[in-house]
Amino acid sequence: MQGSIYCLGWSPDGNLLATGSNDKTVKLTRFDDVRNEFNNSQEVELTMHDGTVRDICFIEDLSNKSSLLVSGGAGDCKIYVTDCVTATPFQALSGHSGKKMHEKIKRLRAKVCEITKARLIPSLTRIRERV
């Protein structure tokens with residue numbers, strides 16, 4: 001499926017790009033450090049949402065040094081938490097509707113970025129230097 005991209009985000013280590021779309025999918029694409037390009041052969045498509053994916057946010061899992069992806073969509077108005085190593089959604093949070101759900105993810109993203117700001121800036125700088 002193809003659709004308009006509504007949101008995107010980089011993982012804290014700068015090696016994974018996630019996009020959310022109105023085709024109800026989240027796509028995870030790895031960035032190849034050696035070739036300095038995206039590796040489309042490793043792209044994963046997640047189809048757990050039943051409406052437009054409106055927001056995404058990466059969170060670093062400090063227990064195992066990997067990333068979690070939080071995504072929120074219209075339709076079911078659920079927030080999904082996905083393990084980026086296995087590309088498997090392992091938790092669905094419900095109880096929000098429309099604007100409330102979108103605002104909650106925005107607040108979550110702001111808090112995560114505030115906490116990890118020291119890690120995000122070097123990652124973005126490293127990515128910029130690769131391009």
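Colleague: What should I know about the numbering and the model?
Modeller: Residues are numbered from 1 along each chain as its sequence is written. The model is predicted, so local features need pLDDT of at least 70 and side-chain atom pairs count only at pLDDT 80 or more.

Colleague: What is the strand order in the open sheet of 4 strands?
Modeller: The order is β5-β6-β7-β8, with antiparallel pairing. Strands are DSSP runs (E, at least two residues), numbered from the N terminus, and two strands pair if DSSP finds at least two bridges between them.

Colleague: Which strands stand at the edges?
Modeller: β5 (53-61) and β8 (88-93) do; each has a single partner strand, so one side of each is left without a neighbour in the sheet.

Colleague: How many bridges join β6 to β7?
Modeller: There are 5, between residues 66-73 and residues 79-83. In this pair, V70 stands opposite V81.

Colleague: Turning to Y80, is this residue buried or exposed?
Modeller: Y80, in strand β7, is buried at a relative accessible area of 10%. Buried means under 20% relative accessible area, with a 1.4 Å probe and protein chains only.

Colleague: What does the side chain of Y80 reach?
Modeller: It reaches the backbone oxygen of M48 at 3.3 Å. Contacts of Y80 (heavy atoms within 4.5 Å) beyond four places in sequence include H49, L69 and Q91.

Colleague: And how many disulfides are there?
Modeller: The count is 0, a disulfide being a pair of cysteine sulfur atoms within 2.5 Å. C57 is buried at 5% relative accessibility, and C84 is buried at 6%.

Conventions: Side-chain values use heavy atoms; hydrogens and water are left out. Buried means under 20% relative accessible area, exposed over 50%, partly exposed in between (1.4 Å probe, protein chains only). A polar contact is a pair of N or O atoms within 3.5 Å; within protein, one must be able to donate a hydrogen and the other to accept it, and residues adjacent in sequence count only if both atoms are side-chain atoms.
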